[in-house]
Amino acid sequence: MHILTFISIFTNLYMIGVSLITHFVTYPSFELIPEKKFQKFHNAYTKKMLFIVGPIMIIEFVSVFVLVINNIELNTILPFLLVLIIWIFTFFLIVPLHNQLEKNYNKDINEKLIKFNAFRTSLWVLKFIFLATII
């Protein structure tokens, strides 16, 4: 297996795992945080998550970008397009929801965050399936 393929698959599986934990544990737990403590909790949570997922998402992006540059085929183009969609979804939809939650917890916003995260997790799973065809 080419090292870039391995790196891309590893980072992809890592993000699936983080996303599943976030989806089933973290986001549903937001409603259990007392309102007076939520802003402080959420601020600490988002800063820690940036260090947990930020570098991995960058490595994931770079590895799949280099894969597609080195080998322009459907099984490299599709994972790259999925990563682009994941990034767009993350930075233009999910991050703004977190910004809203940080100001004031809102159950509807949290539920939207859970739904958007489910879609993003599905994209990571789909990306893994396409990457598995490279092996």
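A: Happy to. Let's start with the core: the largest nonpolar core has 21 residues, and Phe30 and Leu113 touch the most other members. Such a core is a set of buried Ala, Val, Leu, Ile, Met, Phe, Trp, Tyr and Cys residues joined through side-chain atoms within 4.5 Å. Helix 1, helix 2, helix 3 (74-103) and helix 4 each give two or more residues to this core; helices are DSSP runs of H or I, at least four residues, numbered from the N terminus.

This is a predicted model, where local features need pLDDT of at least 70 and side-chain atom pairs count only at pLDDT 80 or more, while totals for chains, interfaces and linings use all residues. Residues are numbered from 1 along each chain as its sequence is written, and side-chain values use heavy atoms, leaving out hydrogens and water.

Now the salt bridges (a side-chain nitrogen of Lys or Arg within 4 Å of a carboxyl oxygen of Asp or Glu): the count is two. In one, Glu31 pairs with Lys107, with the closest N and O atoms 3.9 Å apart. Glu31 sits in the loop between helix 1 (3-29) and helix 2 (35-70) and Lys107 in helix 4 (residues 107-132), so the pair ties together parts 76 residues apart in sequence. Glu31 is partly exposed at 46% relative accessibility, and Lys107 is partly exposed at 44%; buried means under 20% relative accessible area, exposed over 50%, partly exposed in between (1.4 Å probe, protein chains only).

Lys127 and Glu60 also form a salt bridge, at 3.0 Å from N to O. This pair links helix 4 with helix 2 across 67 residues. Lys127 is buried at 0%, and Glu60 is buried at 0%.
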